[in-house]
Amino acid sequence: MISRRSFGKALGFATGAAAVSPAGLGSAQTASAASGAPLGTPAAHTGFSRLKQVRAGLLDVGYAEAGPAHGPAVICLHGWPYDIHSYVDVAPLLAAQGYRVIVPYLRGHGTTRFRSAGTFRNAQQSAIALDVIALMDALKIEKAVLAGFDWGSRTADIVAALWPERCKALVSVSGYLVTNREANLNPLAARAEYAWWYQYYFATERGRLAMQDKDLRRGVTRLVWDTVSPTWDFDDAIFERAAAAFDNPDYAAIVIHNYRWRLSLADGERRYDALEQRLAARPVIGVPTITLDAERDPFTAPGDGASYRDRFTGAYEHRTLAGIGHNVPQEAPAAFTQAVIDADHLLGK
């Protein structure tokens, strides 16, 4: 099907070699990982050509789709405070190689809506992971490569851990992000706590009110973009394109519940207790996996992936992306795309 070599030839680089500057991609950098995966291509696309809606579980899910309808599926999951446009350059690269690319708005974002006004606006980790399973069922996707960052990494990790039969391979930025609420009760080093300032802000009534106010919400999220991606030269239009997804009527409730739940300041729902108990045991992930660390992301743990290496028991590679911040797929779309293709073929290496 799609080989790493053919993809490399299409973009003007070869796996394992230093990146060059192919026409249409602009200047590239090299990763510090041994693979030398190319990265740092500029944003070339401003939107998706196909936006769809589908009823899936508790939600009416809005999603972008690219590529052939019968191609092997890749589901790309965004983080916070971002939206599907984190994959606006990744999706066409994967689609050009024959993949069916699905990029859903997570609950509380963009055009995704709860089907019932009476449904609790829950953002605990297992509920969001079940949204992905429901989406796959609705789209009749039996198995897919899952790829994500931030909330998306966590969600993809959970699906890979609890439902490995649905996950062909995994690309996870920042490695193993399954939330352990008991561990989250312990303080971190001062610099690490400083990077999480908004998590504690959202624990307050002031933070909740800020998320409900459109202008204040944009100020908070823009500040997060600026601080966690210090080398990304994005403009106002790129931010506003994503920020439109934050006007979802459930956005504030979902964001506040997610961060409060992580700190044990908000309850989840009893229906998810069994899943959360399994996740609390830190289950291993056995599907083929590539983990990505972003060098300039303040949340990247030291040790080049060593802190979570034991959680991945299948075929595995780790890559560190030099000079890249938190929003990896949008800051380094070629490197992220290459990781998806390589993960899909990891067992065949």
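A search of the whole structure for disulfides, defined as pairs of cysteine sulfur atoms within 2.5 Å, finds 0 of them. The structure is a predicted model, in which local features need pLDDT of at least 70 and side-chain atom pairs count only at pLDDT 80 or more, whereas totals for chains, interfaces and linings use all residues. Residues are numbered from 1 along each chain as its sequence is written, and side-chain values use heavy atoms, with hydrogens and water left out. Burial is expressed as relative accessible area, with buried meaning under 20%, exposed over 50% and partly exposed in between (1.4 Å probe, protein chains only). By this criterion C76 is buried at a relative accessible area of 0%, and C167, at 1% relative accessibility, also counts as buried.

The protein chain holds 13 helices and 11 strands, where helices (H or I, at least four residues) and strands (E, at least two) are DSSP runs numbered from the N terminus. Of the 349 residues in the protein chain, 59% are buried. Contact is taken to mean heavy atoms within 4.5 Å; among contacts in the protein chain between residues at least 6 apart in sequence, 76% join residues at least 24 apart.

Two helix pairs illustrate the packing. Their axes are lines fitted to C-alpha atoms, for helices over the stretch in contact, and the angles run from 0 to 180 degrees between N-to-C directions. Angles under 35 degrees count as roughly parallel, over 145 as roughly antiparallel, 65 to 115 as roughly perpendicular and the rest as oblique. Helix 3 (residues 125–138) packs with helix 4 (residues 151–162) at an angle of about 75 degrees, the axes lying 9 Å apart, and the two helices are therefore roughly perpendicular to each other. In this contact Q125, I128, A129, V132 and I133 of helix 3 meet W151, R154, T155, I158 and V159 of helix 4. The residues of this contact divide into 7 nonpolar, 2 polar and 1 charged, with Ala, Val, Leu, Ile, Met, Phe, Trp, Tyr, Cys and Pro counted as nonpolar, Asp, Glu, Lys and Arg as charged, and the others, Gly among them, as polar.

For helix 8 (residues 214–228) and helix 9 (residues 236–243), the angle is about 125 degrees and the axes are 11 Å apart, so this pair is oblique. The crossing of helix 8 and helix 9 is right-handed, a term used if the near helix is turned clockwise from the far one by less than a right angle, the anticlockwise case being left-handed. Here R218, T221, R222 and W225 from helix 8 meet D236, I238, F239, E240, A242 and A243 from helix 9, and the residues of the contact comprise 5 nonpolar, 1 polar and 4 charged.

L292 is found in strand 10 (residues 289–294) and is buried, with a relative accessible area of 1%. When residues up to four places away in sequence are not counted, L292 touches V171, S172, V173, S174, G175, R319, V328, F336 and A339. The C-alpha atoms of L292 and H318 are separated by 6.0 Å, although these residues are 26 residues apart along the chain. T291, which also lies in strand 10, is buried at 0% relative accessible area; with residues up to four places away in sequence likewise not counted, T291 touches S172, G175, Y308, F312, Y316, E317, H318 and R319.

Several loop residues were also characterized. V178, in the loop between strand 9 (167–173) and helix 5 (190–195), is buried, with a relative accessible area of 12%. Beyond residues up to four places away in sequence, V178 touches Q125, R154, D157, I158 and L279, and its C-alpha atom is 10.0 Å from that of A281, a residue 103 residues apart from V178 in sequence. In the loop between strand 5 (73–77) and helix 2 (90–96) is found P81, which a cis peptide bond joins to W80, with omega about -5 degrees.

Positive phi values in residues other than glycine occur at K140, near 60 degrees, and at R282, near 55 degrees. K140 is found in the loop between helix 3 and strand 8 (144–148) and is exposed, with a relative accessible area of 76%. R282 is found in the loop between helix 11 (273–280) and strand 10 and is partly exposed, with a relative accessible area of 32%.
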